[in-house]
Amino acid sequence: AGLTGELHLAIGVFDGVHLGHKAVIESAVFSAQRSGGVSGVLTFDPHPSRLFRPDAPTLLMMPIEAKTAMLHAVGVDIVIRKHFDRAFASIPAEDFLANLKAALPTLMSICIGSNFRFGKKRAGDVATLVASGNQLGVSVFSVDRIKHNGDPISSTRIRSELSAGRVQSVNDLLGYNYFSAG
């Protein structure tokens, strides 16, 4: 819908769109605002655990539709849902950014959490992306994990609190009141 200009992309699963996720996503939104470009999120559907652990996939806090709505609510212009399959999972880490740039030619920057892993056998990390980015002219912003009471906020931690019924803790980590729709 008339979205043109440099693309600034946050990449991750972002289940729950918690405070740590928002720090990564806001980095992309701010970069886009600074350049007059477009902010985006690249997220994966289904969750990678469905491919790698089909017997015990990660139980998600929210369906993709709710996640997409929340991503738009925090200021993201476009949400790209990448189908996570064997072909995508087998891309060598050093080719990941080149593939992304080929698919999204206006890509100017990517924003990730400092613990982001990607590529075949999860071999890629921030340093891999920086090396690729230097060759391709793509800036890489990595955001340190946000901590709450001394421990990193993560979707895994929130799911654990949720299953233990500690809803106030869940709300603190999410940065909003947990909800469910059906």
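pLDDT is the predictor's confidence in each residue, from 0 to 100.

**View 1. Confidence along the chain of a predicted model.** Welcome to this structure, which is a predicted model. The chain has a mean pLDDT of 94, with 98% of its residues at 70 or more. Strand β1 (residues 7-11) is where confidence is highest, at 98. Helix α2 (residues 48-52) is where confidence is lowest, at a mean of 90.

**View 2. Helices α7 and α8 packed against each other.** Two packed helices are described by the angle between their axes and the distance between the axes. Here, helix α7 (residues 155-163) and helix α8 (residues 167-174) have axes that come within 8 Å and cross at roughly 160 degrees. Angles over 145 degrees count as roughly antiparallel, and α7 and α8 are therefore roughly antiparallel to each other. The crossing of α7 past α8 is left-handed.

**View 3. The residues where α7 meets α8.** Which residues make the contact? From α7 come R157, I158, E161 and L162, while α8 brings S169, V170, L173 and L174. Sorted by class, this contact of α7 with α8 has 5 nonpolar, 1 polar and 2 charged residues.

**View 4. An aromatic pair, F52 with F84.** The count of aromatic pairs comes to 8. In the pair shown here, the ring centres of F52 and F84 are 5.9 Å apart and the ring planes stand at 75 degrees, so the pair is edge-to-face. Where do the two partners lie? F52 is in helix α2, and F84 is in the loop between β3 (78-83) and α4 (86-89), so the pair ties together parts that are 32 residues apart in sequence.

Notes:
Residues are numbered from 1 along each chain as its sequence is written. This is a predicted model: local features need pLDDT of at least 70, side-chain atom pairs count only at pLDDT 80 or more; totals for chains, interfaces and linings use all residues. Side-chain values use heavy atoms; hydrogens and water are left out. Axes are lines fitted to C-alpha atoms, for helices over the stretch in contact, and angles run from 0 to 180 degrees between N-to-C directions. Helices (H or I, at least four residues) and strands (E, at least two) are DSSP runs, numbered from the N terminus. Angles under 35 degrees count as roughly parallel, over 145 as roughly antiparallel, 65 to 115 as roughly perpendicular and the rest as oblique. A crossing is left-handed if the near helix is turned anticlockwise from the far one by less than a right angle, and right-handed if clockwise. Contact means heavy atoms within 4.5 Å. Ala, Val, Leu, Ile, Met, Phe, Trp, Tyr, Cys and Pro count as nonpolar, Asp, Glu, Lys and Arg as charged, and the others, Gly among them, as polar. Rings of Phe, Tyr and Trp (its six-membered ring) pair if their centres lie within 6.5 Å; planes under 30 degrees apart count as stacked, over 60 as edge-to-face and the rest as tilted.
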